[in-house]
Amino acid sequence: MPNAHDPRTSPIARFGHELSICRKQKGLSQKRLSEHIGCSPSLVGHIEAGSRTPQLDFAQACDRVLGPPGSDHFVRLYQRIHQPLSGPGWFLRWVEEIEPEATMLRIWGPSLIPGLLQTEAYARAVFLGHYSTPETVVEEQVAARMRRQEILQGDSRPELRVLLDEWVLNRPIGGAGVMREQLDHLAAIAGRRHVTVQIVPYDTTCTDGFSSAFVIAELADAATTVSVDSAGRGEISAEDDLVSLILDRYDRLRTEAYRPGESLKMIEKAIKQWSQGT
């Protein structure tokens with residue numbers, strides 16, 4: 001039977017778990033924290049136990065009292081409760097437990113712009129292309145993908161090292177207008193200090209990783225974990241053999257990739273080509 005206090009069981013449990021940890025790190029009792037926030041000690045206790053659902057003003061007060069200036073950690077946890085992500089269990093584990101805690105994400109995209117870097121229009125075109133997905137579900141999936149990108153904001157954002165196959169720049173997802181907007185967005189992200197984007201040439205002889213996309217997550221307090229896509233379902237694992245295999249594939253692909261400056265020029269060239277098609 002799952003432990004109700006296990007942060008993996010639900011977004012509410014995770015909020016309570018994080019609240020307890022941060023409160024203790026600040027050396028505050030539940031009573032002292034309640035005085036700072038302006039609520040009852042019992043409310044703090046119930047939320048930490050996962051038996052009460054926090055509201056937005058409570059989350060904002062927790063960020064103000066427990067976090068560094070400008071922190072939105074608890075607001076983001078609140079949003080996970082009230083705007084839950086959707087998807088299969090393995091995917092939810094990745095986006096709820098692993099991706100937000102990563103200090104570095106190494107991403108390989110052999111066929112599409114990776115989800116963390118997609119625009120809303122591009123993401124919508126991708127989901128609409130899944131013919132088995134009802135159109136009524138598409139907007140929920142798009143909104144969930146946009147919420148995932150919140151991890152790229154703030155001081156705790158992970159470092160991104162992204163490898164893209166060259167064909168991704170030319171694959172007409174959603175049409176010329178969508179592609180131009182998407183590549184504009186990609187170029188802007190590539191210019192950020194914590195992001196590296198490199199293009200792997202289409203004529204590379206290195207075929208490692210061409211069968212699937214993958215992400216490697218480095219975590220501060222846990223083992224490096226990988227997410228590997230497949231035609232059926234994805235796989236998440238921290239097993240040494242698989243992690244070593246995926247790291248080796250990433251390194252081989254990166255050896256073949258253009259340097260970041262050259263890659264940015266390729267993205268900008270593709271933007272001009274798509275602009276001519278609109």
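A salt bridge is here a side-chain nitrogen of Lys or Arg within 4 Å of a carboxyl oxygen of Asp or Glu, and the structure holds 11 salt bridges. The model is predicted, so that local features need pLDDT of at least 70 and side-chain atom pairs count only at pLDDT 80 or more, while totals for chains, interfaces and linings use all residues. Residues are numbered from 1 along each chain as its sequence is written, and side-chain values use heavy atoms, with hydrogens and water left out.

**Exercise 1.** Determine which parts of the chain are tied together by the salt bridge of arginine 23 and glutamate 48.

Solution. Begin with the contact itself: the side chains of arginine 23 and glutamate 48 meet in a salt bridge at 2.6 Å, N to O. Helices (H or I, at least four residues) and strands (E, at least two) are DSSP runs, numbered from the N terminus. Finally, consider accessibility, where buried means under 20% relative accessible area, exposed over 50%, and partly exposed in between, with a 1.4 Å probe and protein chains only; arginine 23 and glutamate 48 are both buried.

**Exercise 2.** Describe the salt bridge of aspartate 248 with arginine 252, and then that of arginine 161 with glutamate 159.

Solution. The side chains of aspartate 248 and arginine 252 meet at 2.9 Å, N to O. Both residues belong to helix 10 and are 4 residues apart, a separation of about one helical turn. Aspartate 248 is partly exposed at a relative accessible area of 35%, and arginine 252, at 45%, also counts as partly exposed. Salt bridges that share partners, moreover, join Lys31, Arg32 and Glu35 into one network. For arginine 161 and glutamate 159, the closest N and O atoms are 3.1 Å apart; arginine 161 is partly exposed at 21%, and glutamate 159 is partly exposed at 28%.

**Exercise 3.** Characterise the geometry of the aromatic pair formed by phenylalanine 15 and phenylalanine 58, and then that of tryptophan 167 and tyrosine 202.

Solution. Rings of Phe, Tyr and Trp (its six-membered ring) pair if their centres lie within 6.5 Å, and planes under 30 degrees apart count as stacked, over 60 as edge-to-face and the rest as tilted. The structure holds 3 aromatic pairs. In one of them, the rings of phenylalanine 15 and phenylalanine 58 have centres 6.3 Å apart and planes at 45°, so the pair is tilted. This pair links distant parts of the chain, with phenylalanine 15 in helix 1 (residues 11–25) and phenylalanine 58 in helix 4 (residues 56–66), 43 residues apart. Both phenylalanine 15 and phenylalanine 58 are buried. The rings of tryptophan 167 and tyrosine 202 have centres 5.2 Å apart and planes at 55°, so this pair is tilted. Here tryptophan 167 sits in the loop between strand 2 (159–165) and helix 9 (176–190), whereas tyrosine 202 sits in the loop between strand 3 (195–200) and strand 4 (214–219), 35 residues apart. Tryptophan 167 is partly exposed at 44% relative accessible area, and tyrosine 202 is partly exposed at 46%. Ring pairs also link Phe15, Phe58 and Phe74 into a cluster.
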